[in-house]
Each structure stands twice: as structure tokens, then as C-alpha cells.
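Dear colleague,

Please find below the structure that I am handing over to you, followed by a short account of what was found in it.

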Amino acid sequence: MPRIHLVVSEPDRTRYTAAARREGLTLSAWLRAAATDRLDRRAGAEPFRNEDDVWRFFEDRDAEAGCGPEPNWDQHLAVMRASRGRGAAGT
């Protein structure tokens, strides 16, 4: 198996080693798992090919959120005003 030399700061080494111990892994196994997790998370992420891809991406995110369009600025201001008024002394 090939070896990779990895340079990290002492605090990071301490954090990684502690995390590996908590999970019952060697530091080497933990680092491999962390790298694999990161690659797996990014596996489905493809670059945008055109403007339509960008719009589709945001439409999909909106659909996932399920909240409809964002409030307009006046609605934001009304929420902020109401929030500031709560808890005020009323004097």
C-alpha cells in the first residue's frame, strides 16, 4: 500500500488523534475515512454547464425549503420592528 506524508499542526494532530480514539480507529484509518466521506459528499456535485443549470439549482433548493418566495424588504422590516418592540419597557 502506498504511503502519504501529511504535515499538520500539533493542535490538529491532537484533535485528529482524539477523534480517531473516540471512534476506535487508528489515526491512519480515521484520516482515510474522513477523506472518503469528503469525496463521497462531493461526488454528486457537478459544475454548472450553463445558466439554466444555475437557475435549476436554485429552483431545486427553493423546492427543498418548501417555503415559497422570500418575503419582500417591507416584510423583513416589519418583522424587525415587531421584534424590537417585544420586551421593551413601553415607556
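A salt bridge is taken here as a side-chain nitrogen of Lys or Arg within 4 Å of a carboxyl oxygen of Asp or Glu. By this criterion the side chains of Asp-53 and Arg-56 form a salt bridge, with an N to O distance of 2.8 Å. Please note that the model is a predicted one.

Asp-53 belongs to helix α3 and is buried, its relative accessible area being 10%. Arg-56 is partly exposed at 42%. Arg-49 is exposed, with 63% relative accessibility, and its backbone nitrogen lies 2.9 Å from a polar atom of the Asp-53 side chain.

The whole structure holds four salt bridges. One of them joins the side chains of Glu-10 and Arg-13 (3.2 Å, N to O); both residues lie in helix α1 (residues 10-22), three residues apart.

Glu-59, Asp-60, Asp-62 and Glu-70 gather in a patch of negative charge, and Glu-59 lies in helix α3 (residues 51-65). Phe-48, Phe-57 and Phe-58 form a nonpolar patch with about 300 Å² of accessible area together. Phe-48 is located in the loop between α2 (27-42) and α3 and is partly exposed, at 46% relative accessibility.

With kind regards

Technical notes
Residues are numbered from 1 along each chain as its sequence is written. This is a predicted model: local features need pLDDT of at least 70, side-chain atom pairs count only at pLDDT 80 or more; totals for chains, interfaces and linings use all residues. Side-chain values use heavy atoms; hydrogens and water are left out. Patches are made of residues with over 30% relative accessible area and no salt bridge: like charges are joined within 9 Å, nonpolar side chains (Val, Leu, Ile, Met, Phe, Trp, Tyr) within 5 Å. Accessible areas come from the Shrake-Rupley method with a 1.4 Å probe; for residues, only the protein chains shown count as cover. Lys and Arg count as positive and Asp and Glu as negative; His and the chain ends are not counted. The place of a charge is taken as NZ of Lys, CZ of Arg, CG of Asp or CD of Glu. Helices (H or I, at least four residues) and strands (E, at least two) are DSSP runs, numbered from the N terminus. Buried means under 20% relative accessible area, exposed over 50%, partly exposed in between (1.4 Å probe, protein chains only). A polar contact is a pair of N or O atoms within 3.5 Å; within protein, one must be able to donate a hydrogen and the other to accept it, and residues adjacent in sequence count only if both atoms are side-chain atoms.
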